[in-house]
Amino acid sequence: MRKDLITDAAIRLVAERGMRGLTHRAVDRQAGLPEGSTSAYFRTRKALVEGFVARLADQERLDVAPDPADVAGSIARTLDGWLVERDRTLARYAAMLEATHHPELRSILEHSPREQATALARMLGHEDPERAGAHFTAFLEGLLFYRLVGAGSALGPVPGTAESVADLRAAVEKALRP
């Protein structure tokens, strides 16, 4: 589907060049499409940003499926996958940062695994699942950011390895405790 081709190209472009590099023409070139193709689907830059963020959110929803028999392990594997799929994660954070300066893009901030984290907290028996879900989401965002671009990117285990998954699992297990 052409819309997916465009949004996937926008994700790669933002990961490579940041939000300043996101233009309709640049997306056309990245996707190998004739000039004007992107603007036919996304008339404004805001629509283009919202389009690629919606694509990221859809992909994340498919990725996030905690295994009740191995909650920490399944979450660790998901996080490690997001570290391996670096472009998606970098584009997501770039969009979140852009939203802090452009109130019209605040809907970007709504795309997070918070609902799933709240359901998980409820399943684990937390007294206040809403608050526990919010805290767990913040923890996961921080852990992912640390491992992607913070000191953990240089000091942590290489993403895509058993050592990386084990390290993430240990952190997630600590955060899951009620």
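Contact here means heavy atoms within 4.5 Å, and the model shown in these views is a predicted one.

**View 1. Overall fold of the chain, built from 10 helices and zero strands.** Read along the sequence, the chain follows the pattern α-α-α-α-α-α-α-α-α-α. Its radius of gyration is 17 Å, close to the 16 Å that the globule rule gives for 178 residues, so the chain is as compact as a globular protein of that length. The C-alpha trace spans about 50 × 35 × 30 Å along its principal axes, and buried residues account for 43% of the 178 residues. Of the contacts between residues at least 6 apart in sequence, 61% join residues at least 24 apart.

**View 2. Helix α5 (residues 71-84) and the helices that cover it.** The 14 residues of α5 reach 20 Å from the first C-alpha to the last, close to the 20 Å expected at 1.5 Å a residue. Because 11 of these 14 residues are buried, α5 is largely enclosed by the rest of the structure. Among the buried residues are Val71, Ile75, Leu79, Trp82 and Leu83, together with the polar Ser74, Thr78 and Asp80. The cover over the buried residues of α5 includes α4 (45-63), α6 (86-101), α7 (114-123), α8 (129-148) and α10 (162-176).

View 3. Leaving aside residues up to four places away in sequence, Gln59 touches Asp8, Ile11 and Arg88. With Arg88 the approach is also a polar one, the side chains of Gln59 and Arg88 making a polar contact at 3.3 Å.

Methods:
Residues are numbered from 1 along each chain as its sequence is written. This is a predicted model: local features need pLDDT of at least 70, side-chain atom pairs count only at pLDDT 80 or more; totals for chains, interfaces and linings use all residues. Side-chain values use heavy atoms; hydrogens and water are left out. Helices (H or I, at least four residues) and strands (E, at least two) are DSSP runs, numbered from the N terminus. The expected span of a helix is 1.5 Å times one less than its number of residues. Buried means under 20% relative accessible area, exposed over 50%, partly exposed in between (1.4 Å probe, protein chains only). A polar contact is a pair of N or O atoms within 3.5 Å; within protein, one must be able to donate a hydrogen and the other to accept it, and residues adjacent in sequence count only if both atoms are side-chain atoms. The radius of gyration is taken over C-alpha atoms; the globule rule is 2.2 Å times the number of residues to the power 0.38.
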